[in-house]
Amino acid sequence: MSNEEDNKAVVVRWFTEFWGKDANLAVIDDIAAPDMLLQYFLHEPRRGREDIKAFMTDFRAAFPDLNFWGTADLIAEGDYVVGQWEGGGTHTGPTFDDFLLGGVPAATGRKMHFTGKTVLKVVDGMIVEEHGLDDGLTAMMQLGLIRKA
């Protein structure tokens, strides 16, 4: 396989095991660089394996049915892989205060469903950066953190 195909395989595993329906946090130790940067516009940037594990643990506690899935073929060039996705979940868990626009009180029952695109940098089989551009406005409106005009 080419470097791009190898990188796509790493990203498929990440999307399936980290962002998919059943989280496998062990994948972080397997394919995330020790100082990996995870950055989405809805959340504060996260850096390092332990910080990323804490983020996903809290996110999934608040949204137990959290699930994201790809909606198009991955595109790879050099160390970069781009993916397009959709997903969301229902807030039935504890308070979640990781959103930059504010927190969601416990068990609101509100559902969020939104889309986005992600660029991941993979070096020597390890993800060193994940930058996402998501439709956070939609998610924030669905969760009641922003009201329509």
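This briefing walks through the strands, helices and a few individual residues of one predicted model. Because the model is predicted, local features need pLDDT of at least 70 and side-chain atom pairs count only at pLDDT 80 or more, while totals for chains, interfaces and linings use all residues. Residues are numbered from 1 along each chain as its sequence is written, and side-chain values use heavy atoms, with hydrogens and water left out. Helices (H or I, at least four residues) and strands (E, at least two) are DSSP runs, numbered from the N terminus.

**Strand S6 and its partners**

- Let's start with S6, residues 111-123, which pairs with S5 (residues 80-90) in the antiparallel sense over eleven bridges; two strands count as paired if DSSP finds at least two bridges between them.
- S6 has two faces: Met 112, Phe 114, Gly 116, Thr 118, Leu 120 and Val 122 make up the covered one, while the uncovered one includes His 113, Thr 115 and Val 119.

**Val 119 and the nonpolar patch**

- Val 119 has 34% relative accessibility, so it counts as partly exposed (buried is under 20% relative accessible area, exposed over 50%, partly exposed in between, with a 1.4 Å probe and protein chains only).
- Together with Ile 75, Tyr 80 and Val 82, Val 119 makes a nonpolar surface patch of about 330 Å².
- For the patch rules, members have over 30% relative accessible area and no salt bridge, with nonpolar side chains (Val, Leu, Ile, Met, Phe, Trp, Tyr) joined within 5 Å and like charges within 9 Å.
- A salt bridge here is a side-chain nitrogen of Lys or Arg within 4 Å of a carboxyl oxygen of Asp or Glu, and accessible areas come from the Shrake-Rupley method with a 1.4 Å probe, where for residues only the protein chains shown count as cover.

**Strand S1**

- S1 and S2 form a hairpin with five residues between them.

- Asn 7 sits in H1 (residues 3-17) and is buried, with a relative accessible area of 3%.
- Beyond its neighbours within four places in sequence, Asn 7 is in contact (heavy atoms within 4.5 Å) with Gly 78, Asp 79, Val 81 and Val 122.
- H3 (residues 49-62) has 14 residues and reaches 20 Å from first C-alpha to last, close to the 20 Å expected at 1.5 Å a residue; the expected span is 1.5 Å times one less than the number of residues.

**Ile 146, after H4**

- Ile 146 is in the segment after H4 (136-142) and, at 27% relative accessibility, is partly exposed.
- Its contacts, leaving aside neighbours within four places in sequence, are Leu 101, Leu 137, Met 140 and Met 141.
- The C-alpha atoms of Ile 146 and Gly 102 are separated by 9.7 Å, though the two are 44 residues apart along the chain.
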